[in-house]
Amino acid sequence: MRDNGNRRCRLRQTVVAAVCAFMFLLAGNRTVFANDYWMGDSAWSAEYYVVVSAPDGGVNFRRGPGVEYDRLISYMIPNGVILHVTKEATASNGNNWGFTEYEGMQGWIALTQVSVTDPPVQEIRQEGITFERVVSGGKEHGIVTCHDAGGNVCWQYVTASYDCAQCERVTGLTVQNGYYYLVEDGTILALDETNGQIVWKNSEYAGAALEKGYVFDDAGNLYICGYMGPDLFVADSGGKSLYRKDSFSEKFYWPYELVLKDSDTLSMHFEGTQDFREGGQWINVDLNKLGIR
């Protein structure tokens with residue numbers, strides 16, 4: 001299991017080296033990281049929000065400030081999405097680009113395709129429980145708050161503060177099994193939905209959760225992927241680890257969406273593929289073969 005992950009890492013390193021060499025020829029003395037984002041000395045700090053308002057319906061999300069950099073995702077960030085710009089840099093054509101975060105990743109957008117707007121209210125409401133991810137000064141933390149029917153605060157849980165990274169380090173999930181689930185720096189936490197107390201933790205997951213990257217089955221088991229690994233992790237309703245798979249194949253990677261097709265089949269969507277396939281790769285996992293039933 002670990003060997004598969006190591007082989008995938010070596011494959012990525014080979015791709016990284018090839019991309020870096022190519023991008024160096026295009027970008028002169030810029031520094032490019034194929035599996036990361038560009039952050040050179042010429043970037044300067046910024047602090048404002050923008051809304052995507054591009055004529056063609058969206059803005060590309062790139063690894064560096066310029067069209068010569070690879071896209072982080074295969075699709076455009078659509079119009080109407082509000083983004084937090086924390087740095088700016090000037091591209092080789094003289095246009096300014098903004099450094100921001102989208103779907104747990106950090107990268108660059110062309111500021112010609114957005115408009116300045118007011119900060120959004122960043123919260124996800126789940127049956128009286130809200131999750132707010134707060135990002136400020138290069139740090140992030142999460143706040144889980146339970147409200148009663150009158151809007152009064154019943155309880156609140158605040159995570160520790162972490163340095164911002166390529167993927168989100170605090171992510172709110174949902175209410176299930178009488179718990180509110182969240183991921184804090186790679187650890188799955190289950191909070192008692194009645195009082196906010198931690199019922200159990202599972203640090204064996206050690207991944208970065210995504211909005212579409214988890215599902216629950218009828219038994220209350222949590223199936224969750226990590227964008228940079230593991231491909232799949234399963235924990236029961238009591239927090240016990242049932243299954244972990246770092247990598248299903250070197251041919252696809254960066255899982256970000258799980259769908260329970262039926263009681264026996266889990267569909268997984270991977271963004272990255274060895275053959276750079278547009279739209280990524282879907283696979284089906286037979287849950288009867290995982291050895292957890």
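Here is a short walk through this structure, from the whole chain down to a few aromatic rings. The model is predicted, so local features need pLDDT of at least 70 and side-chain atom pairs count only at pLDDT 80 or more, while totals for chains, interfaces and linings use all residues. Residues are numbered from 1 along each chain as its sequence is written, and side-chain values use heavy atoms, with hydrogens and water left out.

Let's start with the overall picture. The protein chain has 1 helix and 23 strands; these are DSSP runs, with H or I over at least four residues for helices and E over at least two for strands. Of its 293 residues, 50% count as buried, a word that stands for under 20% relative accessible area with a 1.4 Å probe, protein chains only. The accessible surface of the protein chain comes to about 14,100 Å², and carbon and sulfur atoms hold 48% of that; such areas come from the Shrake-Rupley method with a 1.4 Å probe.

Now for the rings. The whole structure contains 11 aromatic pairs, meaning rings of Phe, Tyr and Trp (its six-membered ring) whose centres lie within 6.5 Å; planes under 30 degrees apart count as stacked, over 60 as edge-to-face and the rest as tilted. Phe 99 and Trp 108 make a tilted pair, 5.3 Å centre to centre with 55 degrees between the planes. Phe 99 is buried at a relative accessible area of 5%, and Trp 108 is buried at 0%. Tyr 214 and Phe 216 pair edge-to-face, at 6.4 Å and 80 degrees, and both are buried. Ring pairs also link these two with Tyr 179, Tyr 181 and Trp 200 into a cluster.
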